[in-house]
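Here's a quick tour for anyone about to set up calculations on this one. Have the viewer open and follow along.

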Amino acid sequence: MKILVCISPVPDTTTKIAFSENDTQFNTQGVTMVINPYDEWYALVRALELKEADASNTLHLITVGKPDADAVIRKALALGGDEAIRIDTDSNDPYVIASQIAAYAKNENYDLILCGKETTDYNNGAVGAMLAEQLDVNYISFASKLDMNGTVAQVNREIDGGEQSVSCALPLVLSCQKGMAEARIPNMRGIMAARTKPLKVVAPVEVSALSQIVSYDLPAAKTGVKMFTIDQMDELVAALHNEAKVI
Amino acid sequence: MSVLVLVENIEGQFKKKSFELVQYANHIAQSLNTSTTALVLGDSSAAEMEQLGLYGAQKVLHVSDSRLNNLCGKAYNKAILAAIENTAAQIIVCPHDTVGKSVAPQIASKLKAALVTGAISYPDLQNGFVVKRNVFAGKAFAQVALNTDKKVITLLANSFPVQKTGNPASVEALNVSFTDADFGIQILSTQKVSGEIPLAEAELVVSGGRGLKGPENWGVIEDLASALGAAKACSRPVADAHWRPHHEHVGQTGGTIRPNLYIAIGISGAIQHLAGVNGSKTIVVVNKDPEAPFF
Ligand SMILES: Cc1cc2nc3c(=O)[nH]c(=O)nc-3n(C[C@H](O)[C@H](O)[C@H](O)COP(=O)(O)OP(=O)(O)OC[C@H]3O[C@@H](n4cnc5c(N)ncnc54)[C@H](O)[C@@H]3O)c2cc1C
Ligand SMILES: Nc1ncnc2c1ncn2[C@@H]1O[C@H](COP(=O)(O)O)[C@@H](O)[C@H]1O
């Protein structure tokens, strides 16, 4: 089985969000990039487990990003995987990202493509679904469990108000979330091995963005925190009822 | 030209989330001088579907095939594309839920239409077609310009109040011929969390964190939630420790919610937690530490 994991570099979750150029650009100054948590903890680790269970599985990692993404992809390779591909362009339009990955994946015949459920920066949650559509394969979103039964995948997915077990023959694109696997920490051997693993840089195909972020803004600063002590519960209830009007 | 809105079909019935969607779609339709069609996939009754008219749908298209009672990507894509063709829809509105998030990007990609997920505003038509959404897990907002003729939007629930304005809609059947390949995803079993208020659309939420010390103390959360008619949530360490199920976890790596009232009990309010809840209108924090990050 040939597996592809889509790895998105994102700002570290503790990053202070700020904008520049008249609030039209995300200010990346001093920002540390990490692997999108869903891609790392769930998609990649589950793919590694599948490879550990059957050494004949091939595992590729792909990132659409500029050279500054290399550090992130090496970090992913330190967890495992046979080779990495970086498509040398960047965009915050999910259609562009999905089209780039699809253009590469078309010639590679992956059996299983794993994405995260969304990136923690732009939160589009769209790349996996678009990729499936462009490759004309089935897509299962919000997967929390994946087991292989020959060439049939058994997946648990989140649905509104519950969970569902489904099965689907490969090829397949999955978006992964909590439950798929437990986070891992790379060890020294992995970090050393990652240095010599192939990282292929591929030229992007021509695709135009369909959407564009024209400006950003930050939520209004918190207004007045009101403190109530344990013997003021009636006052709290009154404030919620009369002032906030939420109960 | 028209606006098509996919509603959430819950065992043949429609709830507030769908009414809000129809109302949102019709608001856009009115600003563009066109009409709104609601699309229902799977089993439902005419009496139920007509109700969508009260919130602004002039027409309801119904693809009645029991196999559509569960999400199956390719079949859903085919049905939605057929409805788009039938109504010459330029704008497609979907719920920002597990179904909408799964199908909307596939439809957008197929149509080469610009997509905005988790919209929280009506489009601003003054400068093209610009929609506001959360980015950086709620830590900022972005104004997204959709630069294609066709546009796909998923609407974050609880973004707008729901009002009854219209009359019952006419319901039309839409025939779509499916093949076996459209149902490549087979449903083996479904576990619904029964008797609970779905978190994503709840107006009141009671949430517990590590301060509760253990799952045996969740009685107070349950009692308060049931007294208020609120949904239950939790912080990530609580779900990680299996004190509570995964679907209750809110924050940067869990669900994003925006209820009217969020009650956080024994939760410190770490930045990653806030990311999922800071769209709440009012937050009550029960904490013994007056310096907790929440404050
Ligand atoms: C990449 C990444 C992603 C993350 N994503 C998420 C996420 O999505 N959601 C999330 O929640 N976290 C997330 N976290 C974890 C986050 O950083 C915090 O560790 C977590 O939110 C803390 O959970 P907590 O508030 O329940 O626990 P704690 O921080 O331990 O807080 C417990 C609180 O309870 C209070 N308390 C204790 N006893 C009592 C008492 N008797 N009465 C009243 N109050 C009491 C304490 O004062 C304290 O404020 C993420 C972290 C990382 C690194
Ligand atoms: N630049 C990227 N390179 C590779 N994969 C990506 C990229 N952006 C997003 N993805 C994948 O698509 C998933 C969903 O991303 P998004 O649609 O941007 O929220 C992520 O979890 C990744 O698995």
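**Helix packing and ligand sites**

Helix 3 of chain A and helix 4 of chain A sit oblique to each other, because their axes cross at roughly 45°. Keep in mind that this is a predicted model.

**Helix 3 with helix 4, chain A**

- Helix 3 covers residues 94-105 and helix 4 covers residues 127-135, and their axes come within 8 Å.
- The crossing of this pair, helix 3 of chain A past helix 4 of chain A, is right-handed.
- On the helix 3 side, the contact uses A:Pro94, A:Tyr95, A:Ile97, A:Ala98, A:Ser99, A:Ile101, A:Ala102 and A:Ala105.
- Across from them, helix 4 puts in A:Val127, A:Met130, A:Leu131, A:Gln134 and A:Leu135.
- Sort the contact of helix 3 with helix 4 by class and you get 11 nonpolar residues, two polar ones and no charged ones.

**Helix 1 with helix 2, chain A**

- Helix 1 (residues 37-53) and helix 2 (residues 70-79) of chain A pack at about 45°, and their axes are 10 Å apart.
- That angle is why helix 1 and helix 2 of chain A count as oblique to each other.
- Helix 1 of chain A and helix 2 of chain A make a right-handed crossing.
- Helix 1 brings A:Glu40, A:Leu44 and A:Leu48 to the contact, while helix 2 brings A:Lys75, A:Ala76 and A:Leu79.
- The contact of helix 1 with helix 2 in chain A has four nonpolar residues, two charged ones and no polar ones.

**Helix 2 with helix 5, chain A**

- Helix 2 of chain A also packs against helix 5 (residues 188-196) of chain A, at an angle of about 125° and with the axes 7 Å apart.
- That angle makes helix 2 oblique to helix 5 in chain A.
- Here too, for helix 2 and helix 5 of chain A, the crossing is right-handed.
- From helix 2, A:Arg74, A:Leu77 and A:Ala78 meet A:Gly190, A:Ile191, A:Ala194 and A:Arg195 of helix 5.
- By class, the contact of helix 2 with helix 5 in chain A holds four nonpolar residues, one polar and two charged.

**Ligand 1**

- The side chain of B:Ser268 places an N or O atom 2.7 Å from an oxygen atom of ligand 1.
- B:His249 has a polar side-chain atom 2.9 Å from an oxygen atom of ligand 1.

**Ligand 2**

- Ligand 2 has 18 residues around it, with A:Cys6, A:Asp39, A:Gly125, A:Ala126 and A:Val127 coming nearest.
- A:Val127, part of the helix 3 and helix 4 contact, also has a backbone N or O atom 2.8 Å from an oxygen atom of ligand 2.
- A polar backbone atom of A:Val64 is 2.9 Å from a nitrogen atom of ligand 2.
- The side chain of A:Ser8 has an N or O atom 3.5 Å from a nitrogen atom of ligand 2.

- Most residues other than glycine have a negative phi, and most peptide bonds are trans.
- A:Leu170 and A:Pro171 are joined by a cis peptide bond, with omega about 0°.
- A:Pro171 falls in the loop between strand 11 (162-169) and strand 12 (172-176) of chain A.
- A:Lys245 is not a glycine but has a positive phi, near 55°.
- You'll find A:Lys245 in the segment after helix 6 (233-243) of chain A.

How values were computed
Residues are numbered from 1 along each chain as its sequence is written. Chains are lettered from A and ligands numbered from 1 in the order in which they are written. This is a predicted model: local features need pLDDT of at least 70, side-chain atom pairs count only at pLDDT 80 or more; totals for chains, interfaces and linings use all residues. Side-chain values use heavy atoms; hydrogens and water are left out. Axes are lines fitted to C-alpha atoms, for helices over the stretch in contact, and angles run from 0 to 180 degrees between N-to-C directions. Helices (H or I, at least four residues) and strands (E, at least two) are DSSP runs, numbered from the N terminus. Angles under 35 degrees count as roughly parallel, over 145 as roughly antiparallel, 65 to 115 as roughly perpendicular and the rest as oblique. A crossing is left-handed if the near helix is turned anticlockwise from the far one by less than a right angle, and right-handed if clockwise. Contact means heavy atoms within 4.5 Å. Ala, Val, Leu, Ile, Met, Phe, Trp, Tyr, Cys and Pro count as nonpolar, Asp, Glu, Lys and Arg as charged, and the others, Gly among them, as polar. A polar contact is a pair of N or O atoms within 3.5 Å; within protein, one must be able to donate a hydrogen and the other to accept it, and residues adjacent in sequence count only if both atoms are side-chain atoms. A residue is near a molecule or strand if one of its heavy atoms lies within 4 Å of it.
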